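Good morning, and thank you for coming. Please look at the display as I speak.

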Amino acid sequence: MHKGIFITIEGLDGSGKSTQIPRIKSFLEEKGYEVLLTREPGGTIIGEKIRQILLDKNHKELSAITEALLYAASRAQHVEQVIIPALKEGKAVLSDRFVDSSIAYQGKGRGLGFKAIVDINEFAVCGLKPDITILLDIDPEVGLNRVKAVKGADRLEQEKLDFHRRVYEGYKDLADMYSDRIKVIDANKTIEEISRQIKDKLNNIVRKG
Ligand code: TYD
C-alpha cells in the first residue's frame with residue numbers, strides 16, 4: 001500500500017473550494033507533507049483534453065452516459081499517471097473533486113443512478129478511495145448565484161437550479177452513506193471559520209508535523 005494521504009474536496013459549483021484549497025495546501029505543508037494539488041476533470045494532458053469536451057458550451061448533444069464515461073476516463077488517467085505515483089512517494093494528494101462528484105452530478109443530477117456510476121468508477125480507479133473527503137455544504141441557490149456573479153457560466157453551470165438541487169441531494173446521500181470518510185463543512189460561514197473547521201477534521205488524519 002501507499003504511504004501518502006489522499007484528500008479530496010467536494011461540493012457544488014460556487015461552494016468555495018478554490019478559496020479553501022490553497023489554505024489546505026499550506027496546512028499540509030506545515031505538517032511536513034509534500035503536497036500535490038490536482039483537479040478533476042483534468043489533472044493530466046489527456047484529462048485536460050477530455051475536460052474541454054465535457055465543459056464545451058457547444059456540446060449540447062453530449063449524452064448523459066457519454067458524459068459519465070468521459071469523467072471516468074479522465075479519472076482513470078489521473079489515478080494511474082498522477083495520484084498513485086504521488087501517493088507511493090509519500091505525498092499528500094489534494095484533489096479538487098473525485099468519484100463523489102460523478103455520483104452526485106451524473107448519478108443523481110443526470111439521473112443515471114448510484115450503482116452504474118459506482119461501478120464504472122470502481123473500474124476506472126481500481127478501487128482507490130480517498131482517506132478523507134471534505135464536502136463544502138452550500139445551499140444550491142447561493143452556490144449558483146455566486147458562480148454567475150464571478151464568471152460566465154460553463155455548460156454544466158447553465159443547468160437549471162433543479163439540477164443543482166438534485167446534485168445537492170446526491171452529496172447529502174453520499175455524506176450519510178460514508179459518514180466516516182466524508183466530513184461535511186458548513187460553507188455559509190466566513191472563509192476563516194470554514195478553514196478552521198477543515199483543519200480540525202484534517203488534524204485527525206495527518207501525521208504529526
Ligand atoms: P470544476 O472544475 O470544479 O469547475 P470550475 O473549475 O469551473 O469551478 O468542475 C467543472 C464541472 O464539472 C462542475 O460543474 C462539476 C462537473 N463534474 C461532474 O459533473 N462530474 C464529475 O465527475 C466531475 C469531476 C465534475
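I begin with helix 6, residues 140-150, and helix 7, residues 161-177, which pack at an angle of about 125 degrees with their axes 9 Å apart. The axes here are lines fitted to C-alpha atoms, for helices over the stretch in contact, and angles run from 0 to 180 degrees between N-to-C directions. Helix 6 is therefore oblique to helix 7; angles under 35 degrees count as roughly parallel, over 145 as roughly antiparallel, 65 to 115 as roughly perpendicular, and the rest as oblique. The crossing of helix 6 past helix 7 is right-handed, that is, the near helix is turned clockwise from the far one by less than a right angle. On the helix 6 side, P140, E141 and L144 make the contact, and on the helix 7 side L161, H164, R165 and Y168, where contact means heavy atoms within 4.5 Å. By class, this contact of helix 6 with helix 7 holds four nonpolar, one polar and two charged residues. Ala, Val, Leu, Ile, Met, Phe, Trp, Tyr, Cys and Pro count as nonpolar, Asp, Glu, Lys and Arg as charged, and the others, Gly among them, as polar.

A word on the basis of these values. This is a predicted model, in which local features need pLDDT of at least 70 and side-chain atom pairs count only at pLDDT 80 or more, while totals for chains, interfaces and linings use all residues. Residues are numbered from 1 along each chain as its sequence is written, and side-chain values use heavy atoms, with hydrogens and water left out. Helices (H or I, at least four residues) and strands (E, at least two) are DSSP runs, numbered from the N terminus.

How do helix 3 and helix 5 pack? Helix 3, residues 64-88, and helix 5, residues 114-125, lie at an angle of about 25 degrees, with their axes 8 Å apart. That angle makes helix 3 roughly parallel to helix 5, and helix 3 passes helix 5 in a right-handed crossing. Helix 3 contributes A68, L69, A72, R75, A76 and V79 to the contact, and helix 5 contributes I117, I120, N121, A124 and V125. The residues of this contact divide into nine nonpolar, one polar and one charged.

Helix 5 also gives the most to the lining of the second largest pocket, with four residues. A pocket is, on a 1 Å grid over the protein atoms alone, an open set of points with protein on both sides within 12 Å along at least five of seven lines; a cavity is a set where a 1.4 Å probe fits but cannot get out, and lining residues have an atom within 4 Å of a point. The volume of the second largest pocket is about 220 Å³, volume being the space filled by probe spheres set on points joined across faces, edges and corners. Of its 14 lining residues, V99, I103, E122, K129 and R181 are the closest to its centre.

Which residues line the largest cavity? They are Q20, R23, I24, F27, S195, I198, K199 and L202. Helix 1 (17-30) and helix 8 (191-203) each give two or more residues to this lining, and the cavity holds about 30 Å³ of space.

Finally, two backbone details. A cis peptide bond, with omega about -10 degrees, joins E40 and P41. R97, although not a glycine, has a positive phi of about 80 degrees.
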